Amino acid sequence: AYQYGSSGSTPPQACDLNGDQAVNVVDLQTLVSAVLVGFGGRDLNKDGAANVGDVQFLVNVILGTQNCQ
């Protein structure tokens with residue numbers, strides 16, 4: 001999980017859905033729940049919709065293979 005300040009870079013606030021200053025599985029659960037109930041969530045991958053693509057994007061951020069902008 002990404003922790004603020006761990007790399008000296010700007011924190012990925014867009015991916016910290018619960019505001020606890022960490023991007024982790026709790027944020028993923030929040031996003032999955034929002035997408036499943038049709039509430040939407042956040043369009044993290046900036047494709048114009050909050051959907052399963054954003055869930056995959058957040059998984060990649062948590063795994064460290066993608067950056068949250």
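Phe39 lies in the loop between helix 1 and helix 2. This is a predicted model. The chain has two helices and two strands. From the N terminus on, these elements run β-β-α-α. Of the 69 residues of the chain, 29% count as buried.

**The loop**

- Is Phe39 buried or exposed? Phe39 is exposed, because its relative accessible area is 68% and the cut-off for exposed is over 50%.
- Phe39 and Ala50 are 11 residues apart along the chain. Their C-alpha atoms are separated by 8.9 Å.

**How the helices pack**

- Two packed helices are described by the angle between their axes and the distance between the axes.
- Helix 1 covers residues 25-36, and helix 2 covers residues 52-63.
- The two axes come within 10 Å and cross at roughly 175°.
- Angles over 145 degrees count as roughly antiparallel. Helix 1 and helix 2 are therefore roughly antiparallel to each other.
- Helix 1 brings Val25, Asp27, Leu28, Leu31, Val32 and Val35 to this contact. Helix 2 brings Val52, Asp54, Val55, Leu58, Val59 and Ile62.
- Sorted by class, the contact of helix 1 with helix 2 has 10 nonpolar residues, two charged residues and no polar ones.

- What span should the 12 residues of helix 1 have? At 1.5 Å a residue, they should span 16 Å. The expected span is 1.5 Å times one less than the number of residues. The end C-alpha atoms of helix 1 are 16 Å apart, so the two values agree.
- Which residues of helix 1 are buried? They are Asp27, Leu28, Leu31 and Ala34.
- Seen down the axis of helix 1, these buried residues fall within an arc of 130°, so they line one face of the helix.
- The cover over the buried residues of helix 1 includes strand 2 (22-23) and helix 2.
- The face turned away from the buried side of helix 1 carries the exposed residues Val25 and Leu36.
- Asp27, Leu28 and Leu31 are among the buried residues of helix 1, and they also take part in the contact with helix 2.

**Across the whole chain**

- Among contacts with a separation of 6 or more, 31% come from residues 24 or more positions apart.

Definitions and conventions:
Residues numbered from 1 in each chain as written. Predicted model: local features only at pLDDT ≥ 70, side-chain atom pairs only at ≥ 80, totals over all residues. Heavy atoms only, no water. Axes fitted to C-alpha atoms, helices over the stretch in contact; angles between N-to-C directions. Helix = DSSP H or I, 4+ residues; strand = E, 2+ residues; numbered from the N terminus. Parallel < 35°, antiparallel > 145°, perpendicular 65-115°, else oblique. Contact = heavy atoms within 4.5 Å. Nonpolar A, V, L, I, M, F, W, Y, C, P; charged D, E, K, R; others polar. Buried < 20%, exposed > 50% of the residue type's maximum accessible area, 1.4 Å probe, protein only. Arc of directions from axis to C-beta.
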